[in-house]
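This briefing concerns helix packing and pocket geometry in one protein model. Please consult the sequence and the structure shown here.

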Amino acid sequence: MTFKRIDQMIDGMHHNVQIIPIPAFKDNYIWLIHNGQQAVVVDPGDATAVMQTLKQLKLNLNGILITHHHQDHIAGVADLLLAYPNIKVHAPKLESYAFAHTPVSDADTVKLDFFDLCFSVMLLPGHTLGHVAYLSDNKDGEQLLFCGDTLFGAGCGRLFEGSPAQMYDSLQRLASLPPSTKVYCSHEYTLHNIEFATSLEPNNVALQERKLATLKLRDAGMPSLPSCIALELETNPFLRCNSVAIQAASGLNSRAQVAVFSRIRELRNAY
Ligand SMILES: [Zn+2]
């Protein structure tokens, strides 16, 4: 996956930083946060892609944030630490890592040196048991969420380690964030997720609009992300287990939301 021009990847200014998706592998995004001089990357699965972007933008790597232990999120850390031995890596306390890191758990605070930016850590078990997300402080009124493989555009991560109830609770925590919260997911799955969501809710107008907007972005070689919580609440079936339409689409007699969630997650696995 490549983007046409790196300046198209720039996502505006937040908290005096810019946030850029570095495409990696087939459909991963390594999010790079920078202030024109210093940079922090989230889930660097591919060191080469990160190094190329740092070089191209003349940035110094200052830190790494890890959301969970899957290889496509951490495989670049060792090489980045060789090139930048003094940087700090933050990674979930409940998971084990071969590289030196500062373990983080729920409600911990991560202050990024050189940045006017502070994150609080959210423990979000489900995709993995120790999975965390990083939520920025709210100084400018718009929070930034780096949520790894928990929430995707119109979808959610697979349940590799956690139970449906755990993932449901984790997603509910994200659903209760301010609607303007920007959502930086780790994979470009949005279009396929929208197609699945449409199979459940063919009459959801917000979903139809999102499909058109997403097609336009992808046709232009642009990422479909970041999303925001408001858009996910309107279009993401995994945040809509309280809706009559999703409950009906689950084919269950039960309206128990965890059961509905579990069923539509199974349907998505086979989609
Ligand atoms: Zn993963």
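The model is predicted: local features need pLDDT of at least 70, side-chain atom pairs count only at pLDDT 80 or more, and totals for chains, interfaces and linings use all residues. Residues are numbered from 1 along each chain as its sequence is written, and side-chain values use heavy atoms, with hydrogens and water left out.

**Helices α5 and α6**
- The axes of α5 (residues 190-200) and α6 (residues 205-219) come within 10 Å and cross at roughly 155 degrees; axes are lines fitted to C-alpha atoms, for helices over the stretch in contact, with angles from 0 to 180 degrees between N-to-C directions.
- Helices here are DSSP runs (H or I, at least four residues), numbered from the N terminus.
- That angle makes α5 roughly antiparallel to α6, given the classes used (under 35 degrees roughly parallel, over 145 roughly antiparallel, 65 to 115 roughly perpendicular, the rest oblique).
- T190, L191, I194, E195, A197 and T198 of α5 meet L207, R210, K211, T214 and L215 of α6, where contact means heavy atoms within 4.5 Å.
- The residues of this contact of α5 with α6 comprise 5 nonpolar, 3 polar and 3 charged; Ala, Val, Leu, Ile, Met, Phe, Trp, Tyr, Cys and Pro count as nonpolar, Asp, Glu, Lys and Arg as charged, and the others, Gly among them, as polar.

- H192, N193, F196 and L200 in α5 meet I264, L267 and R268 in α9, a contact with 4 nonpolar, 2 polar and 1 charged residues.
- For α4 (residues 164-175) and α9, the axes come within 9 Å and cross at roughly 105 degrees, which makes α4 roughly perpendicular to α9.
- P164, A165, M167, Y168 and L171 of α4 make this contact with Q257, V258, F261 and S262 of α9; the residues divide into 7 nonpolar, 2 polar and no charged.

**Largest pocket**
- A pocket is an open set of points on a 1 Å grid over the protein atoms alone where a 1.4 Å probe fits, with protein on both sides within 12 Å along at least five of seven lines; lining residues have an atom within 4 Å of a point.
- The largest pocket has a volume of about 220 Å³, the volume being the space filled by probe spheres set on the points.
- Its lining has 15 residues, of which F152, G157, R158, F160 and Y189 lie nearest the centre.
- The elements giving two or more residues to this lining are α2 (71-74) and α9 (257-269).
- The lining residues divide into 4 nonpolar, 6 polar and 5 charged.
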